[in-house]
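Reader: I have a new model open on my screen and would like to learn how to read it. Could you walk me through a few of its features?

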Amino acid sequence: MGNTAVMILNWNGAAMLRRYLPEVVRTTPAAIADVIVVDNGSSDESLSVLRHEFPSVRVIAFDTNYGFAEGYNRALAMVDHKYVVLLNSDVATSQGWIEGLVAHMEEHSDVAACQPKVMSVAHPDMYEYAGACGGYIDCHGYPYCRGRIFGTVERDTGQYDTPADVAWASGAALMVDRQAYLGVGGLDSAFFAHMEEIDLCWRLRLQGRRITVVPTSKIYHLGGGSLPTGNPRKTYLNFRNNLLMLYKNLPHGDRTKTLVVRRLLDTIAWAKSVATLHWGDAGAILRAHRDFRRMKHAYDQLPSPTVNLIKDAPNILTAYYLRGKKKYSQL
């Protein structure tokens, strides 16, 4: 048993387990890390597949679907490993992937979380949308990455092979210091799914900890395994959770101004959805703002942050749409 757990959250993903889990087991030495599948109340054959086809893999089985955030929170509270990798079920790992992450965390005690280079399963020489080579947040709260800005995803030519401090690490393969994770309350279960890892990393950074990317470690992510791009539910969660993230992590003095600007920008996004007849997305944006107004007061009792971590961040909308800066290296 190593000091690290590789934890895969599963919900009705028997096919994903059969496709990706063998490679995770093969490339994760037992002396370094334990592979654990956390089943979120699956109703398919997932538990039978795990029991009969992967007897060496530890299983934590819940009787209900707690969502991505709460599922991981409950599971991390049940283990005692120093580090835990939150690994999506649609990830193919490569030889040496876990060794690089563990060594990095051991060598940098001020790092609370890190990620590997996230590549595409379908196009292995391309970065994958969900995390690429480390994430950032612009001055309006929009996430972007080394290797991906909005819909533009870059080919990996080694341009981002240098380890770097980032604003957030991808939830597709997120290694965390377990005590630091628990110390800030873990993932926000109110988010259910989407952007919860960005919020977590923001809170860790507010505690003075670093978030990094380790490009020598590489994984391949299918992406869209839970909710595909263009799904109104995904649109709803992304818009709502982004607003909640800004509300809870910005100092009171900066919060109102930032959210007013975001409301204007989200109105433009809504108008675009209407103009292009994407009625599901248009309705999702309206519901996101309605539920944000209802949910935000749950955070009013939290201490107000004293530092605005996105105050000096670039305006990615202006850079991308007006100045034509489509790549991180051009910013």
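**Reading the model**

Author: Let's begin in a loop: Met 195 lies between H5 and H6, where helices (H or I, at least four residues) and strands (E, at least two) are DSSP runs, numbered from the N terminus. This is a predicted model, in which local features need pLDDT of at least 70 and side-chain atom pairs count only at pLDDT 80 or more, while totals for chains, interfaces and linings use all residues. Residues are numbered from 1 along each chain as its sequence is written, and side-chain values use heavy atoms, leaving out hydrogens and water.

Reader: What is the phi of Met 195? And is Met 195 buried or exposed?

Author: Its phi is positive, about 70°, although Met 195 is not a glycine. For the second part, buried means under 20% relative accessible area, exposed over 50%, and partly exposed in between (1.4 Å probe, protein chains only). Met 195 has 12% relative accessibility, so it counts as buried.

Reader: How do I read a pocket?

Author: On a 1 Å grid over the protein atoms alone, a pocket is an open set of points where a 1.4 Å probe fits, with protein on both sides within 12 Å along at least five of seven lines; lining residues have an atom within 4 Å of a point. Grid points are joined across faces, edges and corners, and a volume is the space filled by probe spheres set on the points. Here, the second largest pocket has a volume of about 290 Å³. Its lining has 16 residues, and Arg 203, Lys 248, Asn 249, Leu 302 and Pro 303 lie nearest its centre.

Reader: Which helix gives the most to that lining?

Author: H6 does, with 3 residues. Both H6 and helix H7 (232-249) supply at least two residues each.

Reader: And what about the chain as a whole?

Author: The chain has 10 helices and 13 strands. Its radius of gyration (over C-alpha atoms) is 19 Å, close to the 20 Å that the globule rule gives for 331 residues, so the chain is as compact as a globular protein of that length. That rule is 2.2 Å times the number of residues to the power 0.38. Buried residues make up 53% of the 331 residues.
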